[in-house]
Amino acid sequence: EVEETVKKKESCLPHWSSGPRNNMPPKAQACCAHDHDCEAAECGPAYSLYKHVDLSNVRCLNEGVPGSCRNVFKSWEKRLEPTQVPLCSNEDDPELLLHIPFDGAVKLKAISVIGGGDPSKSPSKMKVWVNREDVDFAAAERMPPVQEWELQPENVGGVLEYPTQVAKFSGVHALDVLFTGNFGAEITEIHFVGLKGEFSERKRVAVEAVYESRGIPADHKVPEKEAGSWGGAQ
């Protein structure tokens with residue numbers, strides 16, 4: 001029994017945890033870390049980073065319906081609910097490039113993706129860049145990602161997750177996620193993107209300061225004879 005437990009844990013280790021080191025971005029296998037009842041174990045709080053996604057500024061290149069990319073961010077409890085307008089690519093072009101800004105800094109530990117009801121429409125590969133504003137399809141071809149994964153066609157129950165190299169995903173203010181290809185369909189379809197991790201701080205917001213254009217004597221302790229220069233009585 002102990003040996004089986006060890007093997008189970010080893011099977012969940014990402015590919016970059018072993019083998020020779022090189023300069024290529026690490027590819028990680030899917031890791032089903034949820035070998036318990038997720039609802040009973042309250043996995044929801046671990047996947048609460050959706051609350052910190054700056055939805056109004058989420059965008060996606062090659063989405064079939066403009067703005068549908070914002071529909072894939074839900075609470076863990078709602079991950080299996082049908083998405084009325086899921087994120088779909090344009091026909092005959094399965095790639096999707098999703099830009100996800102946060103309202104502060106996060107430490108990203110894992111990503112969960114639920115594709116289409118038809119497994120052939122689910123994305124097959126995922127590449128991620130951190131804290132960039134200049135990633136488009138051309139740039140994605142030139143720049144190596146921080147990490148990439150080969151995805152599974154089905155995520156039954158939404159309990160399959162893809163772990164990150166956490167050291168490279170701390171202090172994250174924005175993610176660019178490229179889904180390349182699917183499992184044979186003409187379009188790629190995504191219903192849920194779950195982000196597991198910790199929220200650390202909010203962005204500093206500039207404080208609007210209003211300065212007096214004219215001083216008020218009552219607010220400034222000055223000699224009585226000088227008060228007239230601020231509009232006071234002589």
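## Cysteines and disulfides

A disulfide is a pair of cysteine sulfur atoms within 2.5 Å. By this rule, the structure has zero disulfides. Welcome to a predicted model, in which local features need pLDDT of at least 70 and side-chain atom pairs count only at pLDDT 80 or more, while totals for chains, interfaces and linings use all residues. Residues are numbered from 1 along each chain as its sequence is written, and side-chain values use heavy atoms, with hydrogens and water left out.

## Salt bridges across the chain

Now to the charged side chains. Five salt bridges are found in the structure, each being a side-chain nitrogen of Lys or Arg within 4 Å of a carboxyl oxygen of Asp or Glu.

One of them pairs Glu 133 with Arg 59, and their closest N and O atoms are 3.6 Å apart. This pair links distant parts of the chain, 74 residues apart: Glu 133 sits in the loop between strand E5 (125–130) and helix H3 (137–142), while Arg 59 belongs to strand E2 (residues 59–61). Here, helices (H or I, at least four residues) and strands (E, at least two) are DSSP runs, numbered from the N terminus. Is Glu 133 buried or exposed? Its relative accessibility is 57%, so Glu 133 counts as exposed. Arg 59, with a relative accessible area of 40%, is partly exposed.

Another salt bridge joins Lys 109 and Glu 198, with 2.8 Å between the closest N and O atoms. Because Lys 109 lies in strand E4 (residues 96–115) and Glu 198 in strand E9 (residues 189–202), the pair ties together parts that are 89 residues apart in sequence. Lys 109 is partly exposed at 31% relative accessibility, and Glu 198 is partly exposed at 39%.

Which residue forms a salt bridge with Arg 132? The partner is Asp 134, and the closest N and O atoms of this pair are 2.9 Å apart. Arg 132 has 30% relative accessibility and counts as partly exposed. Asp 134 is also partly exposed, with a relative accessible area of 43%.

Notes
Buried means under 20% relative accessible area, exposed over 50%, partly exposed in between (1.4 Å probe, protein chains only).
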